[in-house]
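Let's take a walk through a protein structure together, one piece at a time. Keep the picture open beside the text and look for each part as it comes up.

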Amino acid sequence: MAVPVAQAWTVATYVLKQKLKGRKRYPLVLMLEPLFRCNLACAGCGKIQYPAHILKAELTPEECFRAVEECGTPMVSIPGGEPLLHPRMPEIVQGLVDRKKYVYMCTNALLLKEKLHLFKPSKYLSFSVHVDGEREHHDFGVCREGGYDIAMEGVRAAVAAGFRVTTNTTLFDGADPHSVRRHFDQLMDAGVDSMMVSPGYTYDKAPDQKHFLGRARSRRLFRALLSNRKKRWQFNASPMFLEFLMGKRELTCTPWGMPTFSIFGWQKPCYLLQDGYADTFQELMDEVEWSNYGTESGNPRCANCMVHSGYEASGVNYTFGSLKGFVATAKAFFNWQYKDDDAAKLLNDWQPTSHGPLVQIGTPVISKASAIENHDTTAVVGS
Amino acid sequence: MATEQQEHLKIEQLQHETPDTQEVAAGRERENLEGWIPALATDAETREALEKAFDYRGDVTLTLRSGEALEGYIFDRKQGRSLTDSLVRIIPSKGEQRTRRSIPYSEIAALNFSGRDTAAGRTFEAWVKKYWEKKAAGEKNIQIEPEKLD
Ligand code: SF4
């Protein structure tokens, strides 16, 4: 079971309560960013580019707990930066577990093995380990050779110590569905409870600005990837969100579904875009002109977005929003395999795209790259 | 809110493609703002420059009409109807950690993009190029390291 019954029950009753109260906008998961500093510098990440005094700043446990209480979600995800670099992270996680929040502590797992003893296994706690694909793909995506092996060592250590472990895979243009499907097998072999997969977002501060998947290509990729599934693959995502990625369902963005709190305050409007900050959760909900966001708004920054943080809540909302949604979700449980001959053909005929070498670490595709950059200031070890 | 100029690649792409037909989504071209001292001669110039300062991932220095020079990171701004009721929110780079200040646009006499743009000069293409050079030279454990903070 991808999500434990107790957690699914908590989420379902929370959503139904919001509906009964007549709340039009309610959050589902708090994205708590207690710090921005990280021990990796990934190509697709636009989160960590800040001056040193900002990277050194961090939220206190008390600030974290206040934010959690303010927005009241049943689930809290802790991205960053790398949360394990926060010296008081065990205290923050324990405080959230004590409040019976389902916590996903997102980590690149470089430090997971050595810090594991600081945490206690609990049904409320999952380590959500960021692994972007098979060894070479992951290493190239995170711009660090050997990163995959360390992360998987962390995964195995956490599984062995009795922790719930989920994974998080972000895909960019150039991702090969055959390889990602092998990657799913490897993750399940390592004993993870469930996996999350999402296309990357067009962060305008990310080092790589050329490999953001457009919606048309995302849909083909996810259809090839997620159709004809293996029974052993467990996904930590709503079936409706996965159908949306596969192009089987239209969803509109729910930008308030996963609000973000960081050292700057409540991020307007969503985890991905930074249009300023509110000091309170209520101010965030009241002040943002929500109709300016989402693909349907025409906002160019939302145009290609199909990201989990914008659409997972839409999937959950769809399930509980009408009988139709409920029936569609029930069907998805029975039709978990998504048998699809056309998708099988799409997968078999898949051609690697020629947009560059983001994940082709084994193949020196540097035609474009070698022609560029006379002003390189990239810090590479040993340079 | 990024300016239209900053988002022009995405806007252009959307002029001949719908979001649903996009194969690869346009990114953003880098603007070289480091060291820029914009003229704040008109209201429009002031607004545009502070919008870019809000988007900038480095510290800036504000010279206030009082004569005070304030260096820090602009993490928020609120656009009002006039410059008096528009303000930037800044975290000073020195002094007690995260003591924020709100400065009305009307009190800003000069703006300097004085700090290094932390999102610039680390392009992916540069990493790829270096990677293959290092690989060809037989090096191991190649990586991009996050910057040292001390
Ligand atoms: S479409 Fe994506 S970027 Fe736009 S508001 Fe929704 S989640 Fe944020």
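Predicted model: local features only at pLDDT ≥ 70, side-chain atom pairs only at ≥ 80, totals over all residues.

Strand β8 (residues 260-262) and strand β9 (residues 265-269) of chain A pair in the antiparallel sense over 2 bridges. To find the spot, look for S262(A), which stands opposite G265(A) in β9(A). Strand β9 of chain A also contains P269(A), and a cis peptide bond joins K268(A) to P269(A), with omega at about -5 degrees.

K100(A) is not a glycine, yet it has a positive phi of about 60 degrees. You will find K100(A) in the loop between α4 (89-98) and β3 of chain A. Is K100(A) buried or exposed? Its relative accessibility is 55%, so K100(A) counts as exposed. In chain B, N141(B) also has a positive phi, near 55 degrees, in a residue other than glycine. N141(B) sits in the segment after α3 (124-136) of chain B, and it counts as exposed because its relative accessibility is 51%.

Helix α13 (residues 323-334) of chain A has 12 residues and reaches 17 Å from its first C-alpha to its last, close to the 16 Å expected at 1.5 Å a residue.

Which residues of α13(A) are buried? They are G325(A), A328(A), T329(A) and A332(A). Seen down the axis of α13(A), these buried residues fall within an arc of 95 degrees, so they line one face of the helix. The buried residues of α13(A) pack against α10 (239-245) and α12 (308-321) of chain A. On the other side of α13(A), L323(A), K331(A), F333(A) and F334(A) are exposed.

Let's look inside now. In soluble globular proteins, nonpolar side chains tend to be buried together. The largest nonpolar core here has 117 residues, and F127(A) and F264(A) touch the most other members. Helix α7 (residues 147-160) of chain A gives the largest share of this core, 6 residues. Leaving aside neighbours within four places in sequence, the contacts of F264(A) include F36(A), Y50(A) and I54(A), as well as Y73(B), F75(B) and I91(B). A second, separate core has 20 residues, among them A53(B), Y56(B), V88(B) and L111(B).

Our last stop is the sheet of chain B. This open sheet of 5 strands has the order β5-β4-β3-β2-β6, with antiparallel pairing. Its edge strands are β5 (101-104) and β6 of chain B, each pairing on one side only. Direction ignored, neighbouring strands of this sheet are turned by 45 degrees against each other on average.

Strand β2 (residues 60-64) of chain B is largely enclosed by the rest of the structure, because 4 of its 5 residues are buried. β2(B) pairs with strand β3 (residues 69-78) of chain B in the antiparallel sense over 4 bridges, with V60(B) opposite G72(B) in β3(B). The hairpin of β2(B) and β3(B) has 4 residues between the strands, and there G67(B) takes a positive phi near 100 degrees. β2(B) also pairs with strand β6 (residues 108-112) of chain B in the antiparallel sense, over 4 bridges. In this pairing L62(B) stands opposite L111(B), and L64(B) stands opposite I108(B). Finally, helix α2 (residues 43-55) of chain B lies across β2, β3, β4 (87-92) and β6 of chain B, running at about 95 degrees to β3(B).

Conventions: Residues numbered from 1 in each chain as written. Chains lettered and ligands numbered in written order. Heavy atoms only, no water. Pairing = 2+ DSSP bridges. Expected span 1.5 Å × (residues − 1). Buried < 20%, exposed > 50% of the residue type's maximum accessible area, 1.4 Å probe, protein only. Arc of directions from axis to C-beta. Contact = heavy atoms within 4.5 Å. Core = buried A, V, L, I, M, F, W, Y, C linked by side-chain atoms within 4.5 Å. Axes fitted to C-alpha atoms, helices over the stretch in contact; angles between N-to-C directions.
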